[in-house]
Amino acid sequence: MRWPRSGDARPGVTVVIPCYNYGRYLDAATGAVLAQPDVEPRVIIVDDASTDGSLDTALRIAERDERVTVISHTVNAGHIATYNDGLAAVSTEFVSLVSADDLVAPGALARASRLMLAEPSVGMVYGRPLEFGDDGPPPVPERRRANWTVWRGREWIAIACWRGRSFILSPEVVMRTEAMREVGPYNPALPHSGDLEYWLRTAARWDVARVNGPVQAEYRVHDANMHLTTFAGMAEDLRHRALAFRGLSEPGTCDELPRHAALVARAERSIAREALLLAQRELDRGGDVDAASELFRVAGEVRRSSLRGRRGRAVVRRLRRAHGGASPDAVHRGLEAARRQLDRVRWTVWRHLGVS
């Protein structure tokens, strides 16, 4: 689709920045928002009783720029309550939730808001995130022509259930504030998969769109979030993913969606399959047997019948070999090498299409 031209109106976009002991990142995070062109940016920093001086930094930033406001917790309330407190204070037409250690990419807020102005049925827009580390300055995103994809909400949910995963890191999302109000607050019962459950709830009521081409956010990878990138750390993530998808069956969440029970079952099968595949991969690369055993247990917890299938039986055989002291053979190591190549293909597809 042709990208919509900017009009005379500059839509208001508030970026809520939750912060706990990330004061060292606040200047960069707020600066990236306030420099956004073609919108009226606002920032709400919510400090969750930080102990590193984050609140003082936030107050100094607010003193310098009236577009910044600060909410402070006297007692640490956790990240879900911090999100909800910030979102409740939003009064602009559009809103984004961006962690203090991440950055909004140049022009991202205008692209997302213009898309939603052109597509009234869309309640949530995401795009391509660019990962970077603490070992150097954030990368400068390359300039790319923008176009967009719009999914009916139920279509996007079906794709997510088919894969059993989220296609979104988080800082790349911009929402229509009307949609955010309708969806309601983040669920405090899901501290590890609250974002995914929130996107699913949104898609149950609104259409979903993606900005294709330019980077929409820069996601910082560091020690505090690296646990989700290892096989061993995936077990808890998979458990909570299953809980997020099961939320689709909650009364009132998506009663208008036919076959929602079938969609949840599809997501459970996908998550169980992924747990078993990760267990296989851990064993095929000669990794941690305890981590593989935990992933095997997760598959059974999510969908017991998965353990009786071909992949479940394959993991059992590999676990027996590993417990017997046998190392993975050349065939199994070759399989893992092929899977790494497939990972790269899927990453490329996701990078361009936003789903994979």
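This is a predicted model: local features need pLDDT of at least 70, side-chain atom pairs count only at pLDDT 80 or more; totals for chains, interfaces and linings use all residues.

How many helices and strands does the chain have? I count twelve helices and nine strands.

**Whole chain**

I looked up the burial next: of the 356 residues in the chain, 53% are buried. For the accessible surface I got about 16500 Å², with carbon and sulfur atoms holding 52% of it. Then I checked the contacts between residues at least 6 apart in sequence, and 81% of these join residues at least 24 apart.

**Helices α1 and α2**

Which residues of α1 and α2 meet? From α1 I wrote down G23, L26, D27 and T30, and from α2 S54, T57, A58, I61 and R64. I sorted the residues of this contact by type and got three nonpolar, four polar and two charged. Reminder for reading such lists: an α-helix has 3.6 residues a turn, so residues three or four places apart point the same way.

**Helix α4**

Is α4 mostly covered or mostly open? Mostly covered: in this helix (residues 108-118), nine of the eleven residues are buried. My list of the buried ones runs A108, L109, A110, R111, A112, S113, R114, L115 and M116.

**S193**

I found S193 in the loop between α6 (177-183) and α7 (194-203). Is S193 buried or exposed? Its relative accessibility is 6%, and the cut-off for buried is under 20%, so S193 counts as buried. Leaving aside neighbours within four places in sequence, I have S193 in contact with H240, R241 and A244.

**V16**

My last stop was V16, which sits in strand β1 (residues 12-19). V16 is buried, and its relative accessible area is 0%. What does V16 touch, leaving aside its neighbours within four places in sequence? I listed I44, V46, G86, L87, V90, V95, S96, L97 and V98. I took a closer look at the pair V16 and V98: they are 82 residues apart in sequence, yet their C-alpha atoms are 6.2 Å apart in space.

Methods:
Residues are numbered from 1 along each chain as its sequence is written. Side-chain values use heavy atoms; hydrogens and water are left out. Helices (H or I, at least four residues) and strands (E, at least two) are DSSP runs, numbered from the N terminus. Buried means under 20% relative accessible area, exposed over 50%, partly exposed in between (1.4 Å probe, protein chains only). Contact means heavy atoms within 4.5 Å. Accessible areas come from the Shrake-Rupley method with a 1.4 Å probe; for residues, only the protein chains shown count as cover. Ala, Val, Leu, Ile, Met, Phe, Trp, Tyr, Cys and Pro count as nonpolar, Asp, Glu, Lys and Arg as charged, and the others, Gly among them, as polar.
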